[in-house]
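Thanks for coming. I will go through one model briefly, starting with where its chains meet.

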Amino acid sequence: MLGTQSSLVLFDEECLNISSILHKLLVEANAKALFLVDKDGQLISSTGETDQMDTTSLASLTAGNIAATGGLAKLLGEKEFSVLFHEGEKDNLHLSLVASRVILVVIFDQRSSLGLVRLRVRKWNEELEKIFNALEKKAKEKSSSNQSFFAEITDEDIDNLFR
Amino acid sequence: MSFINYASREINLKIVYYGPGLCGKTTNLHYIYQRTAPDAKGKMISLATETERTLFFDFLPLSLGEIKGFKTRFHLYTVPGQVFYDASRKLILKGVDGVVFVADSQAERLDANVESLENLRDNLEEYGYQLEKLPYVVQYNKRDLPNVTPVDELNKLLNPGNVPEYCACAPKGDGVFDTLKAVAKLMLINLKKSER
């Protein structure tokens, strides 16, 4: 798990790997749409029928939902509730934690089932965990190699943003 | 905590508006929402009670433009101000990159401001953050009302660290964007420093 103060950094390579896994999971689980959301509410990646969805709001509310459930878990002496399921009339929502840091959201309808989604999520969760664990190491190496792009931002650049 | 996406060239940062109940946190976000161009903002979400008191949080995503080819996106959150919502309030602070403390300038709310600021420090400490080390600004809201505490006095109690402070009247918008710009700027400067 990443430390409390560290940033989440995503590079092209990992972004492609994540997209590829999400796409495979989408097909295998017969899902409608998939989202990967940071626990702080930032959308990392999505695939499927997302055109009509407000993805930013979905990410923020998902994180709020997981945070509230995590608070409930602690009250009951549990470390966390790692899977959540919301059943609707048409669409259902399956939320699960990846590497205790990222939330995998699966939206599915009658074309799939909870059992199938759970099975496929479990299968691909490990692959996603590997990516995020590797990403953590890579981000640390990059920030300590002192070649960061952000160090080159000037005060003028920042001022220009607010003109 | 910031999210830097090199693939889509985006920087995402989280700002939390904190303060006692009815100090005007949600009003700040409403004003920003109303006065921002449609292409620069997303939908504003309010998880509120039937009497429009914030129950969990308000959320407003904003884009401020590009910096060295990176899109800057800010996620603005408010916390529920009422004392008994502390568990929810704490959750919203997780991963915060910058804090705006909105104080209610009315003399009778002085104690509530002090209590809320102490609560902010306590809740941040539980995540291992220190208010002094975070990008942080103070807004003295409701300056248009009679019976307000003088700014000097508020500063002594609520701003001993002398961070940027702004007087505001949130429904009219006075000081609202100044406050937002100040915290956004501090956050970008902080990001630059931390990446050095």
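I call two residues in contact if their C-beta atoms, placed from the backbone, lie within 7 Å. This is a predicted model, in which local features need pLDDT of at least 70 and side-chain atom pairs count only at pLDDT 80 or more, while totals for chains, interfaces and linings use all residues. Residues are numbered from 1 along each chain as its sequence is written, and chains are lettered from A and ligands numbered from 1 in the order in which they are written.

On that basis, 33 residues of chain A are in contact with 36 residues of chain B. The largest share of chain B's side, seven residues, comes from β4(B); helices (H or I, at least four residues) and strands (E, at least two) are DSSP runs, numbered from the N terminus.

The chains also pair through strands, which takes at least two DSSP bridges. Here three bridges join β1 of chain A, residues 8-10, to β1(B), and the two run parallel. Val9(A) has Ile4(B) as its bridge partner.

Next, backbone angles. Phi of Ala99(A) is near 55°, a positive value in a residue other than glycine. Ala99(A) sits in the loop between β5 (92-98) and β6 (102-108) of chain A. In chain B, Leu22(B) has a positive phi near 65°, and lies in the loop between β2 and α1 (25-34).
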